[in-house]
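Subject: Handover of a structure

Dear colleague,

Please find below the structure that I am handing over to you. A summary of the findings follows it.

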Amino acid sequence: MKDIEYIIKFGLLFLVPLLLIFQVGPHFITIQAEEEARLVEYESIEEIAINTLIPIEYKNYDDIKINLHLSNNKKTYWIFRIVEEEHLKLINFLRHEKLITEQPIIKQIPLCIPAEKLSHIKVRMGKSKLILNDQYVIGKPISIFWIILSVLFGIATILLGGLIFLSGIKLLLTNIKIYRNTGEAPVLWNRFDNSYEGWKYILGGSKKKTNDDNSK
């Protein structure tokens with residue numbers, strides 16, 4: 001085995017567990033908390049506008065578009081399919097706050113709610129979440145179940161990385177000892193060759209065995 005191949009294989013043996021320990025595991029532990037931390041709070045809503053993507057007079061619209069103009073000139077929008085009713089949490093919130101009527105939203109659009117009617121509403125927003133007055137009108141809060149599951153998976157990943165790393169250290173020390181005693185380094189595994197030979201045995205070996213049985 002070439003020295004460079006030996007170094008590369010041992011390098012991978014240590015690189016993978018280090019990534020699990022310091023990157024993948026911590027990512028799963030903190031991902032849920034980071035999602036909430038990324039929510040941005042805005043001072044006010046300047047305007048909420050709701051309309052269809054296709055002019056309403058054509059009567060073949062399937063989607064509605066909700067435009068949100070926030071403080072600091074931040075503008076964003078969401079597009080919802082009417083039949084999937086994903087917009088209803090926001091619409092129900094606007095009805096509860098007496099900002100729109102109880103009529104179906106299609107009969108009220110196009111509509112525009114100005115800033116003076118929205119001054120009492122607190123806003124937090126993320127990539128796929130909109131929270132008005134602490135109520136999730138787009139997206140939903142993180143389930144405690146998913147938080148616990150994410151943390152446990154992150155811890156398991158770190159432990160697995162640690163186990164692989166310690167196994168690599170043990171293998172390295174063993175190989176150094178063998179090299180000192182024999183002057184030759186033990187042959188390391190070859191994942192590709194092993195996989196190829198394994199599948200070759202499963203597919204070819206089974207076929208050969210069947211042929212041998214038929215010939216008897």
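How many helices and strands are there in the protein chain? There are four helices and eight strands, where helices (H or I, at least four residues) and strands (E, at least two) are DSSP runs, numbered from the N terminus. The model is predicted, and local features need pLDDT of at least 70, side-chain atom pairs count only at pLDDT 80 or more, and totals for chains, interfaces and linings use all residues. Residues are numbered from 1 along each chain as its sequence is written, and side-chain values use heavy atoms, with hydrogens and water left out.

Overall architecture

Along the sequence, the elements of the protein chain follow the pattern α-β-β-β-β-α-β-β-β-β-α-α. The protein chain has 216 residues, of which 27% count as buried (under 20% relative accessible area, 1.4 Å probe, protein chains only). Of the contacts (heavy atoms within 4.5 Å) with a separation of 6 or more, 57% are between residues 24 or more positions apart. The protein chain exposes about 15,300 Å², with carbon and sulfur atoms supplying 60% of this area (Shrake-Rupley method, 1.4 Å probe; for residues, only the protein chains shown count as cover).

The four-stranded sheet

Four strands form an open sheet in the order E1-E6-E7-E8, with antiparallel pairing (two strands pair if DSSP finds at least two bridges between them). Strand E1 (40-42) and strand E8 (135-138) are its edge strands, each pairing on one side only. On average, neighbouring strands of this sheet are turned by 30° against each other, direction ignored (axes are lines fitted to C-alpha atoms, for helices over the stretch in contact, and angles run from 0 to 180 degrees between N-to-C directions). Helix H2 (residues 88-96) packs on the sheet, where it touches strand E7 (130-132) and E8, and its direction makes about 125° with that of E8. E1 and strand E6 (residues 123-125) run antiparallel and are joined by three bridges; valine 40 stands opposite methionine 125 in E6.

Glutamate 97

Glutamate 97 lies in the loop between H2 and strand E5 (111-114). Not counting residues up to four places away in sequence, glutamate 97 touches His120 and Asn133. Its C-alpha atom is separated by 9.6 Å from that of lysine 117, 20 residues apart along the chain.

Helix H3

Helix H3 (residues 144-182) supplies the largest share of the nonpolar patch, nine residues. Phenylalanine 145 is found in helix H3.

Yours sincerely

How values were computed. Buried means under 20% relative accessible area, exposed over 50%, partly exposed in between (1.4 Å probe, protein chains only).
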